[in-house]
Amino acid sequence: MGVAHFSASGSVSSDIMYSSTLLSKSSIKASLVFSLTNQVFQTHLPKSTNKTFHSSQPLLLKSGKVRAMETQEGVSSLDFHGIDQKLVDKMIYDALVWSSLHGLVVGDKSVQRSGKVPGVGMVHAPFALLPMPFPETHWKQACEVAPIFNELVDRVSLEAKFLQDSLSRTKKADAFTSRLLDIHSKMLEINKKEEIRLGLHRSDYMLDEQTKFLLQIEMNTISSSFAGLSSLVSDLHRSLLDNYGKLLNLDSKRVPGNTSVSQFANVLAKAWTEYNNPRSAVMVVVQADERNMYDQHWLSSVLKERHNITSIRKTLAEIDAEGELQADGSLIVDGQAISVIYFRAGYAPTDYPSESEWSARLLMEQSSAVKCPSISYHLVGTKKIQQELAKPNVLERFLDNKEDIAKLRKCFAGLWSLDDSDIVNKAIERPELFVMKPQREGGGNNIYGNDVREALKALQKEGTEEDAAYILMQRIFPSVFSTFLLRDGICHKDDAISELGIYGAYLRNKEKVIINEQCGYLMRTKISSSDEGGVAAGFAVLDSLYLT
């Protein structure tokens with residue numbers, strides 16, 4: 001469903017916690033129109049700029065105020081060039097204090113035990129000092145389609161033959177997808193039905209600068225992270241604008257409220273209630289070394305304080321060692337009955353270093369516990385399925401409402417299979433207009449620029465079915481804005497781009513849809529430039545919206 005420029009899911013996103021995969025600058029001025037398989041889109045390369053910003057240096061600013069301005073395209077922007085240095089220093093200090101007091105923190109990677117022992121080696125999460133401007137019309141559009149995407153995921157998950165057939169070539173080329181499909185097949189063999197179906201999703205978008213279209217990057221159906229910390233960043237920005245908004249000529253009311261963590265907790269609580277075992281717990285499946293644990297603990301904390309529901313944290317290896325399947329299908333882990341399984345791990349091959357982890361995944365799928373996600377929901381989120389859904393007339397197979405279908409299609413960017421020789425040849429000719437993407441979550445896996453050409457040529461030379469492990473996506477070029485980024489207590493000024501993620505929640509018990517709603521958002525911002533080698537030249541941060 002689009003081009004991922006940020007990591008999609010996962011407990012510790014590489015773009016937030018470390019350095020990010022960045023869009024390369026280009027001095028090329030060009031556009032290319034494709035019309036293949038009834039998909040038409042136009043992509044424009046960004047214009048070169050003479051400005052140079054150094055994210056490795058502390059910011060140096062003139063005195064003055066923030067000024068609202070209009071770009072040539074009519075999209076509102078914020079002019080940060082004239083902010084008084086002393087005012088910026090005060091805001092930075094207040095923001096760092098606020099982050100420490102309110103739990104906007106992650107584990108410090110320089111402290112060895114920070115991913116294992118809570119309270120050891122905490123540091124503020126990387127964040128933008130001020131919110132990123134974003135058109136209110138596109139914000140409303142993204143929120144409006146969230147329940148439609150939720151319904152689509154559920155309906156596609158029920159079509160086992162569509163999932164197996166669509167991923168059949170991928171299965172031969174990608175060992176990880178093959179193992180997931182094997183578990184899916186075993187569930188079909190034993191006629192396993194998921195009567196209570198739960199999805200906590202995130203649909204990611206970028207606003208294309210040339211077309212002004214809000215284009216979907218991807219739909220995440222497993223481990224949609226940062227519901228906890230993203231809520232805090234919105235609160236932080238509102239607090240800063242409450243205190244300094246008049247000096248900056250900015251209104252805190254233009255930062256939309258973000259209740260993602262409370263809404264996620266509410267949906268998990270509703271699923272727990274539907275399971276109907278008051279002695280059961282919610283189990284969070286986690287990685288052994290988790291520096292983003294506080295984002296997860298926020299959710300568990302709200303679940304306990306507001307709903308009086310206990311949660312436990314277990315790795316896949318621990319579940320294999322401690323888990324037992326009862327005769328009635330219920331799951332017991334370390335003596336504790338489990339009603340809901342919430343995955344914050346299990347989305348990448350590295351989460352399965354041995355057969356023990358795969359055994360745990362199979363055990364959970366066989367159980368009657370509510371899975372978030374089930375194996376079917378997980379497969380719906382693969383890149384290949386997203387590409388299949390973007391084909392002409394495929395959405396009509398799953399959705400009835402023509403208006404809903406049109407709203408989803410409006411968000412789709414160009415996606416193609418590598419068995420399409422015409423599009424592969426065009427990508428070899430103009431690799432800067434494409435992203436090559438494997439069936440992976442968690443970031444750092446995409447192929448950009450000249451590497452796309454080399455990878456495609458290598459696959460052509462091999463002549464095997466390894467190309468089925470990838471898809472091609474249209475590369476999206478969002479608007480570039482100047483902003484302030486904070487990491488490790490140091491503020492940098494740079495040109496940046498942003499990606500909007502809209503959270504969605506879906507809960508169904510048999511034929512009854514209990515919850516289908518949009519529930520909060522995640523804004524991520526990263527610097528827009530990188531060197532020719534594609535080595536990260538900066539970092540990504542958590543952000544919020546300033547509606548224009």
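1. Confidence. The model is predicted, and its confidence should be read before its details. The mean pLDDT of the protein is 85, and 83% of its residues reach 70 or more. Over residues 17-65, however, the pLDDT is below 50, although this stretch has 152 contacts in the model beyond near neighbours in sequence. Residues 530-538 likewise have a pLDDT under 50, and for them the model has 19 contacts beyond four places in sequence.

2. A pair of helices. Two packed helices are described by the angle between their axes and the distance between the axes. For helix α2 (residues 85-102) and helix α7 (residues 227-248), the axes come within 10 Å and cross at roughly 150 degrees. Angles over 145 degrees count as roughly antiparallel, and α2 and α7 are therefore roughly antiparallel to each other. Their crossing is right-handed.

3. The residues between these helices. Which residues of α2 meet α7? On the α2 side they are Leu87, Lys90, Met91, Asp94, Ala95, Trp98, Ser99 and His102. Their partners in α7 are Leu232, Asp235, Leu236, Ser239, Leu240, Tyr244, Leu247 and Leu248. By class, this contact of α2 with α7 has 10 nonpolar, three polar and three charged residues.

4. A loop residue, Ser479. Ser479 is placed in the loop between β19 (470-474) and β20 (481-487). Is Ser479 buried or exposed? Its relative accessibility is 17%, and the limit for a buried residue is under 20%, so Ser479 counts as buried. Apart from neighbours within four places in sequence, Ser479 is in contact with Leu207, Glu209, Ala496 and Ile497.

5. A cis peptide bond. Most residues other than glycine have a negative phi, and most peptide bonds are trans. The bond that joins Cys372 and Pro373 is cis, with an omega of about 10 degrees. Pro373 is found in the loop between β16 (370-372) and α12 (375-380).

6. Positive phi at two asparagines. Asn276, which is not a glycine, has a positive phi near 65 degrees. Asn276 lies in the loop between α8 (260-275) and β11 (281-285), and at 61% relative accessibility Asn276 counts as exposed. Asn393 also has a positive phi, of about 70 degrees, without being a glycine. The loop that holds Asn393 runs between α13 (383-389) and α14 (395-398), and Asn393 is exposed, with a relative accessible area of 60%.

Definitions and conventions: Residues numbered from 1 in each chain as written. Predicted model: local features only at pLDDT ≥ 70, side-chain atom pairs only at ≥ 80, totals over all residues. Heavy atoms only, no water. Helix = DSSP H or I, 4+ residues; strand = E, 2+ residues; numbered from the N terminus. Buried < 20%, exposed > 50% of the residue type's maximum accessible area, 1.4 Å probe, protein only. Contact = heavy atoms within 4.5 Å. pLDDT = per-residue confidence, 0-100. Axes fitted to C-alpha atoms, helices over the stretch in contact; angles between N-to-C directions. Parallel < 35°, antiparallel > 145°, perpendicular 65-115°, else oblique. Left-handed = near helix turned anticlockwise from the far one by under 90°. Nonpolar A, V, L, I, M, F, W, Y, C, P; charged D, E, K, R; others polar.
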